[in-house]
Amino acid sequence: MAYNPSDLRLPPWILYLLDALIAVRVPIGRYWHIGMTRAGALMFFSLLGLWAAAFYSGNNLLYLCGAMLTAIAMMALWQGVQLLRGLPLFGAYLPDFVEQCRPVVLRQDISDIARSTVSGLVDITWSEADLQLSARICAATRVQGDPRRHGDSNVQPNQSRLIAQLQSSKRCYHKLTKQRLTTSAPLGLWELTYQRQDLAIWAVLPQAVAGLRVQGLGQNLQHRIEGDEYHDLRMYTPGDPLARIHWRKSTLDPSTWRIKRFSQAEEQPQKAHLRVDLRLPSGATQAAFENLLGLTWHWLQSQPESTSRGHQSQLILGQQCFDCSQSDGRKAAIHAIAAALPEHHAPKHGAGFLLSLVEP
Amino acid sequence: MSFFPSKTSPSSHAEKLTLGVLMSGVIALALSDFVSPLYWSLPAMAALLRWWRGSSFALTEMQASFIGWFGFIWVGLELLLGRPWVVAFTDFLLILALAVTIETATPRNHLHRMLTGLFLMLAGAVLTDSVLYAIPLIALMWFTWRSAICLYGLQQVGGDLPIHSPRFDVGAMIVMIIMALGLFIGLPRFDIQTKLQPTQPRMETTGFSDHVQLGDFARELDATVILRAEVIDIDADDFRRQILGRYWRGVALSQYINHGWRQATYQKIRTWMPSQAIALSRATSSSQTSSSQTNSSQTNAAQTNSLQTKHRYEIAVFREASDHAYILLPDGVSLIQHHANSAQLDSLGQLRFSKAPARRLRLTMVLDSISNTPVFYPALQAPLAIESDQTNIPNAIRIWVKHIVSSEKSDQTAEQQLQMLTDELHGWVYDLNAPIDAQQPLTSFINNKRGHCELYASTLALAARTLGIPSRIVNGYYGGEWNDTGAFLMLRQQHAHSWVEVWLNHQWQRIDPTPASRWQLSGVHFPTWDAAWETLKLTWYRYVLAFQDSDREALLQNLFAWLKKAIPWLLMGLILFFITPYVYRKTTFFSWPWWSHNIQQKVLDRWLEKRGVYRPLSRPLRLLPIPYGVPSQAWINLVKAWENQAYSDPKRWTRRQLKTHLRALSDARW
């Protein structure tokens with residue numbers, strides 16, 4: 001914002017007072033709060049002075065000036081409210097998961113707000129998690145009707161975009177519900193906050209820990225990659241081992257990544273089973289538990305998602321069982337790893353390699 | 001730092017828009033006559049150059065600050081030289097405006113421009129009351145809105161936000177103006193003191209001082225409006241008939257000195273405080289008008305006699321700021337209300353403020369209809385000795401009187417003799433440009449038999465004294481001009497007039513010796529345009545500058561009265577718009593796609609858009625992707641139900657039913 005009152009070289013104590021003021025949030029309705037920016041605080045006090053002069057003197061031209069500035073302030077408030085109310089649900093734009101301590105840059109075009117006539121920056125947070133996104137809403141510059149309804153190719157679409165750097169230092173899993181949208185658009189005077197329900201999953205996985213050697217599909221694949229020819233290519237899905245990406249036919253965009261498929265693997269159905277014991281012995285640390293989950297996550301990443309050729313990979317995580325060869329099961333397994341807590345019971349019975357912190 | 005990367009960049013927009021804010025303030029202040037054109041033309045020219053040359057015409061912050069400091073010192077000097085502090089302050093603001101106009105465009109400069117523009121506008125609110133003030137005010141509103149949007153978008157995360165098309169803001173602008181008017185009307189007025197009231201330079205008038213030289217008064221066809229009067233409680237046509245042809249009494253001059261008149265020593269009769277209504281009692285019970293009044297006034301009186309109108313009515317008088325303190329009293333005035341300053345009545349029948357007001361005033365007067373109008377209100381005392389003084393009467397007048405009176409019958413009364421003199425004067429030529437001998441003005445007037453009203457009145461007043469009748473002249477206004485556009489009376493400076501008051505039959509009577517041809521002259525060159533302009537000015541003054549709590553009450557009462565009248569029509573409209581279609585729909589099987597289906601589609605589309613699905617026109621729901629967060633099976637069920645009700649079931653969903661379905665779908669997510 002290019003009109004910060006600090007540009008006026010105000011004394012520090014005034015800026016300190018302004019900062020104390022702008023920290024105040026006043027409820028103005030159900031789900032709505034209002035605060036001031038620094039410029040807004042100056043505007044507010046200017047208005048106070050102006051109205052005091054008008055009331056004191058009865059000068060109707062001062063009344064007009066005060067009414068005009070008040071109308072501007074109120075219209076800014078109204079447009080800010082309209083902007084926040086018209087925003088789509090942003091939960092859909094969140095990635096399925098992120099890894100602990102690994103920043104993910106989110107730059108996603110938003111195409112659902114073509115009707116917005118106000119440009120502005122909206123901060124998006126959820127009360128359940130320390131997660132912050134910014135939506136850069138750009139008003140349409142040329143609109144002759146609704147482009148998608150009328151097929152008018154001459155109309156420039158707006159360039160609204162969701163920007164965020166997602167990073168978490170701690171493994172967690174949250175079902176996000178209460179979303180808080182904050183903006184000072186369109187004039188940068190009022191800091192409006194709107195709380196609404198936007199359901200989303202925020203899953204932060206542990207850092208993958210390599211080193212697990214499990215007899216099964218993953219290990220076999222390692223061998224095949226060294227010499228065998230691939231049969232064909234398929235699209236990348238999260239969880240595919242990076243070693244199987246055909247990098248020469250892929251670009252930096254994950255949506256273009258191609259995964260090599262090997263005929264031998266398809267002919268010989270493989271089974272990979274992993275049992276993870278979520279019990280935390282008394283002497284073990286939380287770091288060891290996280291390491292255990294990191295190993296599990298690494299194993300899960302190495303499992304291909306295959307539904308047609310009979311590959312099977314099963315993960316037993318404590319008392320839960322997941323079919324990781326199915327996308328739903330894989331997704332559920334990812335969420336379960338993110339949400340995993342130490343348990344008191346031994347893992348569910350089943351075949352496969354057992355991963356445990358408990359001494360046999 | 002250059003702010004002109006391209007003509008369409010937000011920075012370039014900001015540069016021009018903040019310049020617009022500043023110039024709106026400069027124009028607002030330039031409307032004030034207190035401000036010298038030199039001061040406001042400098043920033044205006046600098047802005048034009050800046051607009052034309054762009055960043056190549058710019059000073060650094062340091063250089064611009066020198067201009068600001070120069071302005072500070074300059075204004076200090078002005079104050080030392082005795083310039084009023086308000087004017088000196090505005091001069092400083094305008095020099096500051098020059099500095100920030102040509103300063104390099106930076107965010108700080110943008111802020112400076114906006115703040116300076118706003119201060120200039122506020123200074124204009126105090127120093128001008130012109131109707132043209134509305135134009136820079138609205139311009140400032142537009143430029144402030146647009147520039148604030150633009151500045152907000154600069155240097156944001158991810159780069160400058162694009163500024164949207166101005167036409168998107170037209171609607172917002174209209175709403176803001178309506179909102180501002182609502183606030184203006186709705187907020188209470190306290191008027192604790194009048195220091196910040198809008199002021200204007202006072203008009204300089206002659207003829208309203210204690211000593212008036214002959215030739216000073218009423219010699220120019222000056223079209224400047226000095227007073228406007230509009231009716232409050234009767235029909236405009238009746239008002240026009242009632243108000244035209246009245247004399248507006250100002251100053252009474254009793255002592256003739258060789259080249260002019262001097263006011264006699266008077267006694268203060270009564271003083272009224274601002275909160276008190278001025279009740280002017282009837283001193284003379286005469287309801288007759290002088291036989292020598294002009295023909296037009298007689299015609300108006302005759303017209304009025306035929307009217308079956310009320311005998312008293314209320315008018316609002318809007319007085320321009322003049323340099324004299326006299327309250328002009330129209331014939332038949334009995335009550336004056338809402339006067340801002342204290343006022344006093346003296347023995348010469350003059351009513352004046354304790355101090356000449358520095359700004360426009362609105363007074364409310366109660367008038368009697370012309371049929372009941374006596375010659376004078378208020379109470380006037382018997383003549384002073386000086387009003388019979390014959391010491392300075394020129395010989396030419398004595399000879400002229402002797403010549404006129406002696407030529408007729410010798411048994412005539414003084415009143416008849418006076419009538420003869422008046423008739424004689426009515427036959428002379430009214431000429432504003434007649435040569436006047438400065439040493440002997442009345443002698444040359446009698447010789448030439450042409451001159452202006454002051455000479456006619458002086459001649460008759462002195463002639464009356466030679467006949468032994470006490471007399472004096474009165475300076476005021478007569479008649480006025482009716483404004484058809486706004487239905488109000490205007491008194492211009494060209495309506496300034498002198499007439500005579502004589503003591504006859506134990507009462508003061510008015511005699512007007514000026515020929516009627518005087519009222520055919522006018523200095524207004526474009527009457528239609530002038531009428532519209534004056535109407536606009538009065539409207540501005542009436543509904544903006546002089547708006548009071550009582551006006552709001554009246555407005556609300558009018559609105560309420562209008563609503564009471566309009567209730568049957570409103571009810572009928574409601575029936576037409578809501579009940580009739582509903583009943584028709586219930587009684588027929590006709591479908592109303594525009595009535596119900598489209599509303600449902602809108603609800604559905606809005607719900608879908610919130611969940612990341614945009615439905616092109618006429619695309620069935622089954623071809624759309626599953627909205628975000630909705631279980632696939634629940635979505636398929638909804639689509640089936642929707643199609644069923646839309647295409648086969650005669651009972652379609654209402655809007656409420658659709659919302660219930662959608663809510664259930666949203667809740668089914670987790």
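Analyst: Chain A has eight helices and 15 strands. Keep in mind that this is a predicted model.

User: How many residues does chain A have, and what share is buried?
Analyst: Chain A has 360 residues, and 39% of them count as buried.

User: What about its contacts? How much comes from residues 24 or more positions apart?
Analyst: Take the contacts in chain A with a separation of 6 or more. Residues 24 or more positions apart make up 70% of those.

User: OK, switching to chain B. How many helices and strands there?
Analyst: Chain B comes to 18 helices and 20 strands. It has 670 residues, of which 38% are buried.

User: And the contact share for chain B?
Analyst: It is 78%, again for residues 24 or more positions apart among contacts with a separation of 6 or more.

User: Now the strands. Which strand of chain B pairs with β2?
Analyst: That's β8, residues 312–319 of chain B. Strand β2 covers residues 225–231. The two run antiparallel, with five bridges.

User: Which residue in β8(B) is the bridge partner of Val231(B)?
Analyst: Ile315(B).

User: What else does β8(B) pair with?
Analyst: Strand β13 of chain B, residues 361–368. That pairing is antiparallel too, over eight bridges.

Key:
Residues numbered from 1 in each chain as written. Chains lettered and ligands numbered in written order. Predicted model: local features only at pLDDT ≥ 70, side-chain atom pairs only at ≥ 80, totals over all residues. Helix = DSSP H or I, 4+ residues; strand = E, 2+ residues; numbered from the N terminus. Buried ≥ 20, exposed ≤ 12 C-beta atoms within 10 Å, placed from the backbone. Contact = placed C-beta atoms within 7 Å. Pairing = 2+ DSSP bridges.
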